[in-house]
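Work through the exercises below with the structure open beside you. Try each task before reading its solution.

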Amino acid sequence: MRKRLGRHRWAVFLAVIGPGLIAANADNDAGGITTCSLVGARFGYSLLWVLFLITISLAVTQEMGARMGAVTGKGFGGLIREKFGARWATFPITAMLIANLGTTNAEFAGIAASLGIFGLSKYISVPVAAVVVYLLIAKFDYRRVQKVLLISSSLYLAYVVSGVLAHPDWLHAFRSMVRPTISFRSDYLLMFVALIGTTITPWGQFFIQSYIVDKRLTAEDLAYTKSDVYVGAFFTELISFFIIVACAATIFVAGGQIGDAADAAKALQPLAGPFASTLFALGLLNASLLGAAVLPLTSAYATCETFGWEAGIDKTPKEAPIFFGLLTFFIVASALFILIPGLPLLTIIVLSQVLNGVLLPIILIFVLKVTNDSSFMGKHTNSRTFNVIAVLTIAGLILMTILLLASPVIKNLI
Amino acid sequence: MQFLTQVLGRTVFDSIGEPVGKVRDVIITPGEPLPVVSAIVIARGRQDIVMPWRRVREEVDRFSLPVRKDRIAEYTPGEDDIWLRKSVLDRQIVDIHDYKVVRVNDVRFVETPGQVCLLGVDASTRGLLRGLGIDWVSGVLRFLVGKPPPERIIAWNDVETLEQTAGPIKLKIPLEKLSRLHPSDIADIIEQMNPAQRADVIESLDVETAADVLPEASPEIQAEIIEDIDPERASDILEEMEPDEAADILGDLSEERTEEILKEMEPEEAEDVRELLTYEDETAGGLMTTEYVAVSEGVTAQGAIDYLRELAPDAETIYYIYILTEGEKLVGVISLRDLIVAQPDRPVRDFMVTRVIHIHPEASMREAAELFQKYNLLALPVVDFDNELKGIITVDDVLEDIPAEIWRGKPGRRRTAPDQRLDHTAEA
């Protein structure tokens, strides 16, 4: 008789926390926390309207990913390969790989920044973290570890409490959510694109779909999946909202300067007082570790699925050379990059999210093409409303990217 | 034409040189020894024209038709026809020869007089590079590591397609080539698939084959598959399996699902499985099966052989025959060899081994493994404290579950392979 699995306990857990919520929660990684902190600290409540709109976009695009997974039983990489052939598939895959490499850099920057608060030099923390991440992926059952990290991501609830305790100007905050304002200053545009890029991510699109496939959800579960994805999108953006509000009510009102991670931690002072830095550092470290493992994995799996190379943690590097090569490359290259002396960590994190935002339209166009193809989706193709929202998201992003490129970005870097 | 990727997208011209459209797909018809190209699909605006291959003339880099474009006789695809671009290229297929699930990078044709046949599919990285139009990368690789990525064509006879589409409709196809493989190899293959494909494959196999394949897959995958397929079919498959293997799978499912499946099963089989489910994991009780061969002590050798003939096909192992009293108490064991060499009219109690090596249901897997190793057994009876026979553990169950270090034994000790003899038991 074989070893029985501890499935039941996880089944109960998963009944409460579905794939949508998990994928959305993983979205609050180093890039998410940092970008939202900077958005609140530098621009107060003025970008909250963007957050409001992209919550809708996030819900819609994640639902598309979940639906593709449930209806076809295949990952996104496999679908674009089957629909467009190898040549066309290289575009979204390359875009995803570049964006993900940037985000993996951000995760290691997050590790360096969070442990820097405790006084640990990045020349120690980053190499150690690289080894830890590699071992987490290759030697342990990462899916277990992932759940632990996801549960600990409830640390972000600290922002909700801190945001309330900071006595923000609620009326102003809510008014900002529904009243668009825009500035053409390049740092504003940069944060604008970063905020979108950290919320709707190329990797998140691949991640939700493969998660649905692994969880063996099918077209029959679509109603459940849909509500789960919506709740997840709402919850993530609720956290983002409170991060921005907390930072706006503390750092923005005090002058708005964030030089390093320790400055960003001040947003938690209303709740944690002198322990604000510790709380912030732990939250950021947790989020960064989560992302530093998820991103290389998602990238390697999606690439191998698309091009038909063997993939899987249970294989040996000899059996799946490209899979393990990509994993190793992502971790080693990111860690080495962060080790460059004098690197402005928070800037790196935000720029990686900008890169995500700039590359996102490529991914979303392919999402739209597949979700409108009835030979893949059967009767579950997109509704008109969904298409409109997705097209507006893509158009908005492309427009912002053009504006950003047209403005003198370099001068006003954070 | 040699490769599908070189053909797709080529322009087709009509008899006066006007372009008709581009090649969108190539249709093959199964045949012996190889499938033949029967038509090409030409994209003309939003509409497809299916043109019989025999009317198409191949020239350098283009195709031409002998007629004007408004007089095209169309080919009607048959039921067995396969659309290569739609169903094969870029899709996952099973390589029956190497037991692998691979993605098709290209399709290779071979020209014979009068027709073009399909030789096989190319799933190699070399083929991928060619398809991407960056074949030169192979040259760079050869320069860097001394050899280019290998080129390999999987013969069409070794290819099992997983899905076929006829227009927008997906067809469920019988996986004949796959089902002819050894169950262990099928299990290897389904482990490489995604969950939806796994359920499809198991659904397409006949119940007996499915019952042989499932236990060879990893426990998580077994449970997932049984959860994903229809409960009625799941119970049919589980009935076909050894009760201990069925109990293993059910033990990993939710209680509701287990009940649902047990209700669908034959009451007798379900009863056996239910009993096995009561034992803890990693104990002798959890390892054992309830299917064994036992006769009562008064039976003659000939009687036992007749009984074996009648019943044995169902039992997991028939090398040991257990001897029971009227009250189901275990009193002895004989091997198949003892039975065959004995005089036909001799009662089994006269030549049975009475000191039977046995184990209690609560004993650990490790203890069981040690007994197997020490006495070189093929099966081990599990008896409760009243000496009542509950089931047997067979050596293959132990081999699967016991970590290798236990089998390695102590250094310097001579070991023999498990065999059919019971002499060791007699000395114990």
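**Exercise 1.** Find in which sense E16(B) and strand E17 (residues 320-324) of chain B pair, and over how many bridges.

Solution. Start with the rule: two strands pair if DSSP finds at least two bridges between them. In this predicted model, E16(B) and E17(B) meet in the parallel sense over three bridges. Take one bridge: B:Ala294 has B:Tyr322 in E17(B) as its partner. Now widen the view. The open sheet has three strands in the order E16-E17-E18 (chain B), and its pairing is mixed. Its edge strands are E16 (294-296) and E18 (330-335) of chain B, each pairing on one side only. Direction ignored, neighbouring strands of this sheet are turned by 30° against each other on average. Axes here are lines fitted to C-alpha atoms, for helices over the stretch in contact, and angles run from 0 to 180 degrees between N-to-C directions.

A note on conventions. Residues are numbered from 1 along each chain as its sequence is written, while chains are lettered from A and ligands numbered from 1 in the order in which they are written. Because the model is predicted, local features need pLDDT of at least 70 and side-chain atom pairs count only at pLDDT 80 or more, whereas totals for chains, interfaces and linings use all residues.

**Exercise 2.** State how many helices and strands the secondary structure of chain B comes to.

Solution. Helices (H or I, at least four residues) and strands (E, at least two) are DSSP runs, numbered from the N terminus. For chain B the count is 21 helices and 20 strands.

**Exercise 3.** Decide whether the residues of strand E19 (residues 379-383) of chain B are buried or exposed.

Solution. Apply the cut-offs: buried means 20 or more other C-beta atoms within 10 Å of a residue's own, exposed means 12 or fewer, and partly exposed lies in between, with C-beta atoms placed from the backbone. Five of the five residues of E19(B) are buried. Check both faces. B:Ala379, B:Pro381 and B:Val383 cover one side, and B:Leu380 and B:Val382 the other. Next, find the neighbour: E19(B) pairs with strand E20 (residues 389-394) of chain B in the antiparallel sense over five bridges. B:Leu380 is bridged to B:Ile393 in E20(B).

**Exercise 4.** Explain why helix H11 (residues 243-251) of chain B is largely enclosed by the rest of the structure.

Solution. Count the buried residues: nine of the nine in H11(B), so the helix is largely enclosed. Among them are B:Pro243, B:Ile249 and B:Leu250.

**Exercise 5.** Identify which residue takes a positive phi in the hairpin of E19(B) and E20(B).

Solution. Recall the background: most residues other than glycine have a negative phi, and most peptide bonds are trans. The hairpin has five residues between its strands, and B:Asn387 takes a positive phi near 65°. B:Asn387 counts as partly exposed because it has 15 C-beta neighbours inside 10 Å. Then look at B:Tyr99, which is not a glycine but has a positive phi of about 55°. B:Tyr99 lies in the loop between strand E8 (92-95) and strand E9 (100-103) of chain B. Finally, turn to the peptide bond from B:Glu32 to B:Pro33: it is cis, with omega near -5°. B:Pro33 sits in the loop between strand E2 (19-29) and strand E3 (36-44) of chain B.
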